[in-house]
Amino acid sequence: MPAPRTLLDKIWDDHLVCSPDGEQPLIYIDRHLVHEVTSAQAFEGLRVAGRRVRRPEATFATPDHNIPTTDRRLPIADPISKQQIDTLRANCREFGVRLFDLGDADQGIVHVIGPELGITQPGMTIVCGDSHTATHGALGALAFGIGTSEVEHVLATQTLRQSKPKSFEVRVEGDLHPGVTAKDLVLYLIGRLTTEGGTGYVIEYTGPCIRRLGMEERMTVCNMSIEAGARAGMIAPDQITFDYLRGRDLVPKDFERAVAQWATLPSDAGARYDRSETFFGGDVVPQVTWGTNPAQVVGIDATVPDPASMADSSDRSSASRALEYMGLESGTPIAAIPIDRVFIGSCTNSRIEDLRAAASVVRGHTVSARVRAMVVPGSGRVKRQAEAEGLDRVFTAAGFEWREAGCSMCLGMNPDTLAPGERCASTSNRNFEGRQGKGGRTHLVSPAMAAAAAVAGHFTDIRQWRYL
Amino acid sequence: MQPFTTHTGNVAPLDRANVDTDQIIPKQFLKRIERTGFGQFLFFDWRFLPDGSPDPAFELNQPIRQGASILLARRNFGCGSSREHAPWALDDYGFRAVIAPTFADIFFNNCFQNGMLPVKLDEADVDELFRRAAAAEAAGHPYRLTVDLRACEVRDDAGFTRSFAVDPFRRHCLLEGLDNIGLSLKHVDRITAWEAAHGLAPLQGGAPLQGGAIA
């Protein structure tokens, strides 16, 4: 009887190409997602070495980070951005890679279009030159971010040099209270694990609270695994996964046969993880980050912490520095902090369910006079579906800007940025200094919390929200 | 790739934990399509004041740290984004090695791809190096270290010697300055065999395959 294996073990074993003596193993890569910021130098490397892309049919590209979210019929204003996007287009044409370009109905944030087109499937290895590749683990794939040199290696060989990561079971018992979302859950977990608690590990999320999450919610959780230091986060496939994938563009033609195979992927009973921690969904309240990394987070009903109360001296100095940067004082109730901007978008929270949640909060209300608020759907498909449901009109009637799909203000590479000192309620995944614009102050929250803050003009407890 | 064997140089102490890749190289500089020229943007928002002049308070701008080639930092160095532009910027600026108690995974891997050595030492040893650096600088000269990848050792000329662990394959590739892709393509038969065993169509010579799902 073979030893019980985890989901990670099964995918690893299946994808091991070779493990030569004295060398790191090579694993096969089923799907390679590409975007404009981390691929130019990789394609150039292939060109210089006279190599081709080994498996163009396994490679899918889209521009997302650097593109405007306004009228895309106009030429891109910034010449350096334009060159980078033109370069992606030229590279895809030269090397035969399928590109969901600007103007293509299915263009979008790479980690939104992968699952929605059925490119992402259970049991696969998936890489991209972007750390939020962890998102795809929600479908039971082993998915992680890589650097540009590794992008080149995958293009040339369809493999990656990897030492097998350690496995970390994060089990969540119980259930989330009303008003508490997957985004709050993952922020809470990061607060408990710290930004390096997952370093060296692939996290597998298990437990009833995780099982009850829908597919988009699972993507939110897996997406932010990297913020706890884990390169990849996975949730074993189940009926929710199969139902999500059924009928999508690029799933296997013999879908039921694929489902039967995918159903063998979940971790065996008795499989061993290198580390396990258990948490309780009922402990989670709506979260708001206060500092300059995602682990500097508290509940909406809390106050800005006091660095002096922290045991570790490095935590104390980080917290002091963060409070100064964020312009916050210890003891201030989170719910009293006023905001200037709201961003609903990013690969963490820009899918249709996120937009529905935000729209239901704002319906009938108006954005506060002090706030400039923006909604950026994650892909052309999400945008069209939202428009078919009338969500765009709910947002614009309330005073939100309704934009085209892209990474936008998550990282502000395009013109969607914060001015110095502006405070933003953001549904994205990072609140580092300057992330959304030099001197910009980012607070990470769920879509409903961001929507409520837009109306109230300050953070407010969504659990007491007056839906109209 | 440039080999890394033994390097002796001045240390720049950066006494901060959780230095993320957005600080190392802010996003507005990721629009370039070359691998080079990122050194001028290293730690941009910390190095320069709003008017564009160097911030005299920033650690790397101290005169005694000019020309440093070894960066000494605290835990979780390089957390955040996968951008390889981060080690490119460090390398282009002049750093050959970074010493810290822990590194974020993706940044750590990216260093090896560029002939840069990330060295993990225990927190207590990193504390000691910060102390020695402070003492040297107080005495008016930069602190110097040797990072020896052959012996897997970090040492100074005042009795500090510590071993560090490094994956043997990565060490070999750095010592020899090997082309990673060329090395992997030596195993192309195994790659082809894996593909055949998993029902993938053979590569078509010349023209790339188009469309469709992989079964």
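View 1. V172(A) has F279(A) of β12(A) as its bridge partner. This is a predicted model, in which local features need pLDDT of at least 70, side-chain atom pairs count only at pLDDT 80 or more, and totals for chains, interfaces and linings use all residues. Residues are numbered from 1 along each chain as its sequence is written, while chains are lettered from A and ligands numbered from 1 in the order in which they are written. Strand β9 (residues 166-173) of chain A pairs with β12(A) in the parallel sense over six bridges; here strands (E, at least two residues) and helices (H or I, at least four) are DSSP runs numbered from the N terminus, and two strands pair if DSSP finds at least two bridges between them. The open sheet has four strands in the order β11-β10-β9-β12 (chain A), with parallel pairing. Because β11 (232-234) and β12 (275-280) of chain A stand at the edges, each with a single partner strand, one side of each is left without a neighbour in the sheet. From one strand to the next the twist averages 20°, where axes are lines fitted to C-alpha atoms, for helices over the stretch in contact, and angles run from 0 to 180 degrees between N-to-C directions.

**View 2. Strand β15(A) within an open sheet of five strands.** The order of this sheet is β17-β16-β15-β18-β19 (chain A), with parallel pairing, and its edge strands, β17 (401-402) and β19 (441-444) of chain A, each pair on one side only. In β15 (residues 341-344) of chain A, R341(A) and F343(A) point one way and V342(A) and I344(A) the other, yet all are buried; a residue is buried if 20 or more other C-beta atoms, placed from the backbone, lie within 10 Å of its own, exposed if 12 or fewer do, and partly exposed in between. Strand β15(A) is joined by four bridges to β16 (residues 372-375) of chain A, and the two run parallel, with I344(A) opposite V375(A). Two bridges join β16(A) to β17(A), also in parallel, and here M374(A) stands opposite E401(A). Helix α15 (residues 447-456) of chain A lies across β15, β16 and β18 (423-426) of chain A, running at about 150° to β15(A).

**View 3. Two loop residues of chain A, S408(A) and G364(A).** S408(A), in the loop between β17 and β18 of chain A, has a phi near 50°, a positive value in a residue other than glycine. S408(A) counts as buried because it has 32 C-beta neighbours inside 10 Å. G364(A) lies in the loop between α12 (352-362) and β16 of chain A, and with 13 other C-beta atoms within 10 Å it is partly exposed. Although G364(A) and K253(A) are 111 residues apart in sequence, their C-alpha atoms are also 44 Å apart in space.

**View 4. Helix α5(B) and the strands against which its buried residues pack.** Helix α5 (residues 123-138) of chain B has 16 residues and reaches 22 Å from its first C-alpha to its last, close to the 22 Å expected at 1.5 Å a residue, the expected span being 1.5 Å times one less than the number of residues. The buried residues of this helix are V126(B), L129(B) and A133(B). These residues cover an arc of only 55° around the axis, so they lie on the same side of α5(B); the arc is that of the directions from the helix axis to the C-beta atoms. They pack against β1 (6-14), β2 (70-73) and β3 (97-100) of chain B, with contact meaning that the C-beta atoms of two residues, placed from the backbone, lie within 7 Å. The face turned away from the buried side of α5(B) carries the exposed residues A124(B), R131(B), A135(B) and A138(B). Just after α5(B), G140(B) takes a positive phi of about 95°.

**View 5. F43(B) in a loop of chain B.** F43(B) lies between α1 (21-24) and α2 (44-47) of chain B and has a positive phi of about 50° although it is not a glycine. With 21 other C-beta atoms within 10 Å, F43(B) is buried. Chain B as a whole comes to eight helices and seven strands, and buried residues make up 40% of its 215 residues.

**View 6. The side of chain A that touches chain B.** In this interface, 64 residues of chain A are in contact with 50 residues of chain B. The largest share of the chain A side, seven residues, comes from α5(A).
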